[in-house]
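Please look over the sequence and the model shown here before reading on. The report is meant to be read beside them.

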Amino acid sequence: LDPTSKEDDGAMGRIKDYFVEQGLGPKDIPVAFVFHEVISVAFAASTWVACYGIQPSATICRPLAKLPIAAKAAGAFEKALAFSDAKVGKMTWLKKVPIVKNAAPRRLTVSLAESLMFRGAIKPITFGGKLYLSYKFVQWTKTLGKEKEAEVDVKGGKKAKKRTACLSLALPIPGESRISLA
């Protein structure tokens, strides 16, 4: 095997070739990873907050409480809640967190379980979605700082390169002054 050869018949070689064709390289992994984790944490927090507010087990699942299996599971569910109440009660640091210090511990536990169930149920969709968003984010970061080669007319018949709007909102076009001496 020649390490300088660009041909690699293995699966890893085909994967590498695919990513290179998409414009991605090893240096893009940290950016993609950080972005993927940020949206993962944001999604986890938002589903937990949504479940805390909506209370799916008390609202959406109410009709299921009349099923015979619900009565059988109620005892185990109550034991699990009592166990979690004791554990959360021992977490003194939780009372110091401003966002949750006034929240009901049982409701925090149940809403966490509800959000975990929901996120687990839609994981096949969200996993691919987060990968795609990470890919698009990396592509977007590669376009930052690149100026468009188009030229614009400036006063006096001069030409100037068109600059990225976010970087040039406060800056005058070359050859033009915003200060009027008249």
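## Basis and confidence

This is a predicted model, in which local features need pLDDT of at least 70 and side-chain atom pairs count only at pLDDT 80 or more, while totals for chains, interfaces and linings use all residues. Residues are numbered from 1 along each chain as its sequence is written, and side-chain values use heavy atoms, with hydrogens and water left out.

The mean pLDDT of the protein, where pLDDT is the predictor's confidence in each residue on a scale from 0 to 100, is 80, and 74% of the residues reach 70 or more. Confidence is highest in α2, at 94, and lowest in helix α6 (residues 165–168), at a mean of 51. Where pLDDT is low, the predicted coordinates should not be read in detail.

## Overall architecture

The protein has 6 helices and 2 strands, and their pattern along the sequence is α-α-α-α-α-β-β-α. These elements are DSSP runs numbered from the N terminus, helices being H or I with at least four residues and strands being E with at least two.

Buried residues make up 14% of the 182 residues; here buried means under 20% relative accessible area, exposed means over 50%, and partly exposed lies in between, with a 1.4 Å probe and protein chains only. Contact means heavy atoms within 4.5 Å, and among contacts between residues at least 6 apart in sequence, 55% join residues at least 24 apart.

## Salt bridges

The count comes to 3 salt bridges, where a salt bridge is a side-chain nitrogen of Lys or Arg within 4 Å of a carboxyl oxygen of Asp or Glu. In one of them, the side chains of Asp-28 and Lys-142 meet at 2.9 Å, N to O. This pair links distant parts of the chain, with Asp-28 in the loop between α1 (11–21) and α2 (29–54) and Lys-142 in helix α5 (residues 123–143), 114 residues apart. Asp-28 is buried, with a relative accessible area of 9%, whereas Lys-142 is partly exposed at 28%.

Which residues are linked in a network of salt bridges? They are Glu-78, Asp-85 and Arg-106. The side chains of Glu-78 and Arg-106 meet at 3.7 Å, N to O; Glu-78 lies in helix α3 (residues 68–89) and Arg-106 in helix α4 (residues 105–121), so the pair ties together parts that are 28 residues apart in sequence. Arg-106 also forms a salt bridge with Asp-85, their closest N and O atoms being 2.6 Å apart, and this pair again links helix α4 with helix α3, across 21 residues.

## Packing around α4

Helix α4 has 17 residues and reaches 24 Å from its first C-alpha to its last, close to the 24 Å expected at 1.5 Å a residue, the expected span being 1.5 Å times one less than the number of residues. Its buried residues are Leu-108, Val-110, Ser-111, Glu-114 and Ser-115, and what covers them includes α2 and α3. An α-helix has 3.6 residues a turn, so residues three or four places apart point the same way.

On the α3 side, Leu-81 lies in helix α3 and is buried, with a relative accessible area of 8%. Not counting residues up to four places away in sequence, Leu-81 touches Arg-106 and Val-110; the C-alpha atoms of Leu-81 and Arg-106, 25 residues apart along the chain, are separated by 7.1 Å. From helix α2 comes Thr-47, which is buried at 7% relative accessible area and, leaving aside neighbours within four places in sequence, is in contact with Ser-115, Phe-118 and Arg-119.

## Surface

The protein exposes about 14500 Å², of which carbon and sulfur atoms supply 68%; accessible areas come from the Shrake-Rupley method with a 1.4 Å probe, and for residues only the protein chains shown count as cover.

Met-12, Ile-15, Tyr-18 and Phe-19 form a nonpolar patch on the surface, with about 430 Å² of accessible area together. Patches are made of residues with over 30% relative accessible area and no salt bridge, like charges being joined within 9 Å and nonpolar side chains (Val, Leu, Ile, Met, Phe, Trp, Tyr) within 5 Å.
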